[in-house]
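Student: Please take a close look at the packing inside this model, giving every cut-off as you use it. I would like one connected account.

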Amino acid sequence: MTSPSAVEANWPGVRLHVVTGKGGTGKSTVAAALALGLASRGQDVLLCEVEARQGIAQLFDVPPLPYEERRIVQGPQGSGDVYALAIDLESALLEYLAMYYRLGRAGKALDKFGVIDFATTIAPGVRDVLLTGKVYEAVNRNRRHKGAREYGAVVLDAPPTGRISQFLNVNNELAGLAKVGPIRHQADAVMGLLRSALSRVHLVTVLEDMPVQETIDGIAELRGLQLPIGGVVTNLTHPVELDGEERDLVLGRGLDADVLRADLQTAGVRPTQPLVAGLLEEAREHAERRQLEDEQHKRISDLDVPTYELPRLAGGVDVGGLYELAADLRRQGMA
Amino acid sequence: MSTARSRVGPLVAPLEGSAPLDVDALLADRSTDIVVCCGSGGVGKTTTSAALALRAAEQGRKVVVLTIDPARRLAQSMGIEKLDNVPRPVPGVRAAGGSLDAMMLDMKRTFDDVVESQASPEKAAQILSNPFYIALSSSFAGTQEYMAMEKLGQLHADAEATGHWDLIVVDTPPSRSALDFLDAPERLAGFLDGRFIRLLLFPAKGPARLMTAGLSLVTNTLSKVLGAQLLRDVQSFVAALDTLFGGFRQRAQKTYELLQAGGTSFLVVAAPEPDALREAAYFVERLSEERMPLAGLVVNRAHREPQGRLSVERALVAAERLEGGTDDDPEQTGSGGLTAALLRLHADQGRIVARETRLRERFAAAHPDVPTAVVPALSTDVHDLDGLRRVGHLLAASSQ
């Protein structure tokens, strides 16, 4: 395997990469590809998910992940490994309690009394503090923690753009609720990390009006919360078959059907009426779609943040496809 | 829900695929009074619901559509960019005897309304200003689902009382999991009946006293973790809300029954992608498990079958011939390159269509009883009534 050309990584000091995006834009895929790309630079990477969807297991085609850091990809010599962790709320809460309070019996009692249900249902801020708290712990590990694995970077497959500010802004969620106490303390610590130079929030979009609008709104919101923005990844891009001039021709006076017929004949294809009409129609639709995408593309470049692009893989995303996307991200310097 | 579930469906695939979904018949059927569009995020649920509502209205139904989070320009063109939680007439509908009203859900306001309608003014004021209530009503991840269902219940009651509408079309929130909104009423009821809440309300009374030791352990731990202030807020919130519990539970139960009733039809919306179809499969199975009336599956954003009988392989070969030119004339210019590009587009589309068709056939094999409408992707955005009319037309045309 040849290594991708030596592009300098854009985010050298960043330890926590938060990846968000509107539903359907492929944020989980991008998060996984980013984790692979970062590991290829020679560091161990932890890929976390928090939405109990087992998306990582599906992407990497491995059995469902427990609440436990599992190695899912072992890199070749010189590169790191990728570990995965599916964070679920109940386990995070119990672990948190065990860590700070040495609860043996009480932990079980909490479960019995429905306290965990209670926390999931009524205390949204508390839930997010616990989920982000686990990520915080993984990022902040160092040699002092005996036996714990240290990661060069942590990639968080976060909730979608519509909920990301709320999810990351754990501090505010708790304001007015927990004014003191350890969970408040934890919220402050998490917020400190998220706002620091060690963290970046990356946004995944596709070239359509609504996802791009959500990306723009999301960036404004995150900036308002002083959460540092990373890059915008435009996912699922199509190959460009017609250049600008050709598209203008297609959308303007249209293509010459006679020339098309002659060309088809030359190429050994019988130019039936449905085929010619179909090709012209396909060309028009393609041109229209690309035109629209160009507009969205411009809105993204106007954002003044680093941008990256990943193609739509013709056969869908499988493990091999993930490696291709990881290489793309590395070539573009995101990883 | 991460618990393992068994599959629900037939054991062998039927010989032919699923039946086409006849959207017009569904909308014309006067006994249909609620249509719920559900599915994972990013599959065009909002557009589908709006298009169905408009089509029904222009075919003479008196429709109200409840949307959750429409694209800004679509909301503007429907006259619902302002959040006031009340249905407004949509301008520009060519209604022959029908009408179309639309609204966008304001979840906090809906929640406030419920509290105000259920509690005395003083008590309502007390609840509305409780910090816990504020957090719960404006940001709790499940609140949107609860409130969408609550609003549906309200609209339905209004419709029955005033006769103002005879069809309600509901868009569902883009949930973390497609199942969230089905679980919402039960989760709310379950939560409010939870033992912990009961214990917070009635500590150490009657037989519960036996559990007091365990409870104080729990509350002590909680106040250590959350801080005593938070726990006090929760307690006063729960106490204030106590009188409403029965009401909440009843409403949740009623909405659930409304969803199961004969007049309701669920449409599962998906895109021809593995993830979206997986979610759709969950949904279809879950709906049949809960005996919710499923009308069919809408597959949006499908690529159009390329016209003319030219296979992917032959199109690519022809493109290569045109592009490569000949050895004497390697600089083939003129339209040859453009025609080659068209042929490659044709091949590309053929490949995508083949993949999408395979995905749909797999779905149909596992869920053969689900009538399906396939809606081709539009090459432009939908942000006005004309766009919605086109989508509605495509939805209906799929059964022909």
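Tutor: In chain B, 46% of the 400 residues are buried, a residue being buried if 20 or more other C-beta atoms, placed from the backbone, lie within 10 Å of its own, exposed if 12 or fewer do, and partly exposed in between. This is a predicted model, in which local features need pLDDT of at least 70 and side-chain atom pairs count only at pLDDT 80 or more, while totals for chains, interfaces and linings use all residues. Residues are numbered from 1 along each chain as its sequence is written, and chains are lettered from A and ligands numbered from 1 in the order in which they are written.

Chain B has 15 helices and eight strands, these being DSSP runs numbered from the N terminus (H or I, at least four residues, for helices; E, at least two, for strands). Among the contacts in chain B with a separation of 6 or more, 78% join residues 24 or more positions apart, where contact requires C-beta atoms, placed from the backbone, within 7 Å.

Leaving aside residues up to four places away in sequence, B:Ala53 touches B:Val63, B:Val65, B:Leu100 and B:Val169.

Helix α1 (residues 27–39) and helix α14 (residues 319–331) of chain A pack at about 70 degrees with their axes 8 Å apart, the axes being lines fitted to C-alpha atoms over the stretch in contact and the angles running from 0 to 180 degrees between N-to-C directions. The two helices α1(A) and α14(A) are therefore roughly perpendicular, since 65 to 115 degrees counts as such, under 35 as roughly parallel, over 145 as roughly antiparallel and the rest as oblique.

Finally, A:Val45 lies in strand β2 (residues 45–49) of chain A and is buried because 27 other C-beta atoms lie within 10 Å. Apart from residues up to four places away in sequence, A:Val45 touches residues including A:Ala35, A:Leu38, A:Val82 and A:Tyr151.

Methods
Contact = placed C-beta atoms within 7 Å.
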